[in-house]
Amino acid sequence: MCTSEYIVYTCGCRREMEFIQCPRRQGTNVKCARLRHRERRVSTNYCSRDLVRPDAEVKYMNRMGEVVEEPQAEEPEAEEPVVQEPAAQN
Ligand SMILES: [Zn+2]
Ligand SMILES: [Zn+2]
């Protein structure tokens, strides 16, 4: 049976990544009437159809693909370096 391997995007879309013709069909232009579907990869972003151009309204997503109010902080903000006053030597 031929296999359709697909990628899953965080928007929920599935797109075929690769189609693998089974050995029995190779060398022909035939695919099996029934196909095996296999999840090959899970993307960390929306598919190109659901992503918008830069001039559209920007939404922020967390790693789960949920829309959030603010962009996710990748790193805590660096603190101001503390300037140590030299201790008075008397
Ligand atoms: Zn096949
Ligand atoms: Zn999509």
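Colleague: Let's start with C22: which residues does C22 touch, not counting residues up to four places away in sequence?
Modeller: Happy to start there, and please keep in mind that this is a predicted model. C22 is found in the loop between β2 and β3. Leaving out residues up to four places away in sequence, the residues that C22 touches are M1, C2 and C32.

Colleague: How far apart in space are C22 and M1, C-alpha to C-alpha?
Modeller: In sequence, 21 residues separate C22 from M1. M1 is also one of the residues that C22 touches. From C-alpha to C-alpha, the distance between C22 and M1 is 5.6 Å.

Colleague: Is C22 buried, partly exposed or exposed?
Modeller: A buried residue needs 20 or more other C-beta atoms within 10 Å of its own, while an exposed one has 12 or fewer. C22 has 14 other C-beta atoms within 10 Å, so C22 is partly exposed.

Colleague: Thanks! Which elements make up the protein chain, from the N terminus on?
Modeller: The chain has zero helices and five strands. As for burial, 1% of its 90 residues count as buried. Read from the N terminus, the elements run β-β-β-β-β.

Colleague: What is the strand order in the open sheet of three strands?
Modeller: Let's build it from the pairings. β1 and β2 pair in the antiparallel sense over six bridges, and β1 (residues 3–8) is joined to β3 by six bridges in parallel. The pairing in this open sheet is mixed, and the order is β2-β1-β3.

Colleague: And which strands are the edge strands?
Modeller: An edge strand here pairs on one side only.

Colleague: Which residue in β3 is the bridge partner of Y6?
Modeller: The strands to look at are β1 and β3, which run parallel. Within this pairing, T3 stands opposite R36. For Y6, the bridge partner in β3 is E39.

Colleague: One last thing: which residue takes a positive phi in the hairpin of β1 and β2?
Modeller: Five residues lie between the strands of that hairpin. One residue there has a positive phi near 100°, and that residue is G12.

Key
Residues are numbered from 1 along each chain as its sequence is written. Chains are lettered from A and ligands numbered from 1 in the order in which they are written. This is a predicted model: local features need pLDDT of at least 70, side-chain atom pairs count only at pLDDT 80 or more; totals for chains, interfaces and linings use all residues. Helices (H or I, at least four residues) and strands (E, at least two) are DSSP runs, numbered from the N terminus. Two strands pair if DSSP finds at least two bridges between them. Two residues are in contact if their C-beta atoms, placed from the backbone, lie within 7 Å.
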